[in-house]
Protein chains: 2
Amino acid sequence: MKEPIPTPPAGSVGTVETRHLDLPDPVRLDCGRELHPVRVAYETYGTLSPRRDNVILVCHALSGDAHAAGVAKTPPAESARDGFGAAERDGTSAKGLGWWDGMVGPGKAFDTDRFFVVATNILGGCGGTTGPSSTDPATGRPYGPDFPVITVADMVRVERAFLDALGIERLAAVAGGSLGGMQALEWAVRHPDQVDAVVAIASTHALHPQGVAWNAIAREAIMRDPDWQGGRYQGTGRRPDAGMGVARMVGHITYLSAPALEDKFGRRLQFADDIRHTITEPEFEVENYLRHQAAAFVRRFDANTYLYLSRALTYFDLARQHGGGSLKRALEDVSARTLLISFSSDWLYPPSASQEIEEALRELGKPVEAHVIEAPYGHDCFLLEEARQTPIIRRFLS
Amino acid sequence: MKEPIPTPPAGSVGTVETRHLDLPDPVRLDCGRELHPVRVAYETYGTLSPRRDNVILVCHALSGDAHAAGVAKTPPAESARDGFGAAERDGTSAKGLGWWDGMVGPGKAFDTDRFFVVATNILGGCGGTTGPSSTDPATGRPYGPDFPVITVADMVRVERAFLDALGIERLAAVAGGSLGGMQALEWAVRHPDQVDAVVAIASTHALHPQGVAWNAIAREAIMRDPDWQGGRYQGTGRRPDAGMGVARMVGHITYLSAPALEDKFGRRLQFADDIRHTITEPEFEVENYLRHQAAAFVRRFDANTYLYLSRALTYFDLARQHGGGSLKRALEDVSARTLLISFSSDWLYPPSASQEIEEALRELGKPVEAHVIEAPYGHDCFLLEEARQTPIIRRFLS
């Protein structure tokens, strides 16, 4: 018996289904290789204007997918929503809500009454777009570790080619948080004459070395799991769930602030009376939470995709890639208006990174608006603090 | 051919050898079990006064051992020094220097011209004191996961019994950093009439939930390594080096501050020209550093010891264990003078924890002195900032 599709909440884009498009041409990548075929998973919300001038491209972060808004016609066991900022959102994933449903919809920050919002799954992803778990035409088997090592610029190349195939030339805006914000910034630099506005939330022009280190540790945890098998685990019946779980735990703690953990868990024990003297079982609530998050994540996410996207976001460095080391020079050709939002408690993508972008743009005389929202939930704020982001974004886009 | 023993540096306690003592009686532990036999590895520096009133007990942190000062007669391949705060100290471990050699010696913070300094390897350790790799008399094989789950109080019980065996009743001071500081505080609470002074550096009365989480993640990384084998890896020819490496990487990043990583590595690439598009190889210097630290650590440290000591330091909670939830009540009977040192950039054992102890002691009218040293190297400062700690400690002990 099939579950009935739940009624979309008020302000929802309704029930949606992820579609797929095969790019007509090979995509030439930063590493020098060409990728073909490339399939892109996507969803759209709202109506494309006759002049095709109301398109907003929404880019997702490491663990997201093309299902940004609305209720999935076929809700997965664990939606993308369950990954990032998940714990705060118990219940949404069960309903198959998109990962940014609070921000995309009629009357919301990205207003689908006005804009035609397009969300794709990222190149290298595991949500329907070509990635390491796709079939390598050269072998007929999954790429695995033979998938080319991609960059944020490569993701934007695929997004550009995808929009071409849809007949969309210009973007009224490109928006995203975290790795999604990196894509938005890359768009503004790479296609200055095709982007009217950039919304980069909880993002950066280059991850700081501690962030590089956390990502490296997460990847090490996966690659050191013998079930990773050098990346060729598909079809073996074994997956590096143990290592992926550890990677996810590292992620979760870096997405939350120390005060948020204090607030949410404190030092509360699983069994209130006392410790049970155990090494292997969770004693503190925060330990139990980590195990739960790890278990939920490995059910829905591909380990190689994690490795490739994590690598791409550590590589991202606007100054190095576009400015010979100078962020200002990298941003010289930007013509989009830029909105930067960061969160006071985000130590993974701290406000200082947004401030550096703001300063460089300001010195260049470019239109830029930056907001630091005082909020306690760390990097996860970008998925949680909808109420305070919404008026800022709506005003910026109006 | 044997290597010649290197000449001790000026101000050194000289060449030392770790000795061992078997406790005469079983030790009753918090978990209810009795442990017997218990062997304690220790070193002493300086001369015991005829009245036995000049003893300082030095307690080590998670990865330390009994070799606190001087040059080891038989230097290990990788000394304890190489573990904690190691990277800043290239060369010292090769010389077999004790982990706190900068602080313990003639004219140093813990002045061996004046004090008889005693350093033991912690209960549960892998540096000669009874721990999970010791032989379980019940089976004739290593305890492994059958070793009792110990607490900081249990460590202090063993230290107390060890000093009894040495004929030492009172301590002029008990000192340590991090987990070592926890032991010092536990001494003051548990044996108020036997401790004249406490020096707790970069420590806390209870680790905050983010610290609990980091420790949980490190332990998960070890226990999820199939080579851990439920803790019974000894004698199998396989050890959970992969998981231990990840645990150590997590440790290292939490011991350093984000600005220190910025300063030390920035986003410098391994090969200065450009990225090489690789998932499996280090691209950034900080990635290479992490691998190096992991490889060095697994050569010298036992995985089960890591699990047991990590668990003990997350359990430690003076208020819960001694004050029915109130830190002030827990400290009511303390009669020792207390010196608390913390470091501005230490986010794992932040100054706020020391301030809470200071406030509670002050409200109780107890003699307490607290210093926050402005220094950029995070938790590792307690091993690195000798120059600024030394005058504070010397003055306090004089």
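Analyst: A crossing is left-handed if the near helix is turned anticlockwise from the far one by less than a right angle, and right-handed if clockwise. This is a predicted model, where local features need pLDDT of at least 70, side-chain atom pairs count only at pLDDT 80 or more, and totals for chains, interfaces and linings use all residues; side-chain values use heavy atoms, with hydrogens and water left out. Residues are numbered from 1 along each chain as its sequence is written, while chains are lettered from A and ligands numbered from 1 in the order in which they are written.

User: Which hand does the crossing of α3(B) and α4(B) have?

Analyst: Right-handed. Helices (H or I, at least four residues) and strands (E, at least two) are DSSP runs, numbered from the N terminus.

User: What makes up the contact of α3(B) with α4(B)?

Analyst: On the α3(B) side you'll find B:W214 and B:I217, among others, meeting residues of α4(B) that include B:G243 and B:T254. The tally is nine nonpolar, two polar and no charged. Ala, Val, Leu, Ile, Met, Phe, Trp, Tyr, Cys and Pro count as nonpolar, Asp, Glu, Lys and Arg as charged, and the others, Gly among them, as polar.

User: Why does B:M249 count as buried?

Analyst: B:M249, in helix α4 of chain B, has 1% relative accessibility, so it counts as buried (under 20%; exposed is over 50%, partly exposed in between; 1.4 Å probe, protein chains only). Setting aside neighbours within four places in sequence, its contacts (heavy atoms within 4.5 Å) include A:I217, A:E220 and B:L290.

User: What makes A:R39 partly exposed?

Analyst: A:R39 sits in strand β5 of chain A, and its 39% relative accessibility is why it counts as partly exposed.

User: How do you know that A:R39 and A:D22 make a polar contact?

Analyst: Their side chains are joined at 2.8 Å. The rule asks for a pair of N or O atoms within 3.5 Å; within protein, one must be able to donate a hydrogen and the other to accept it, and residues adjacent in sequence count only if both atoms are side-chain atoms.
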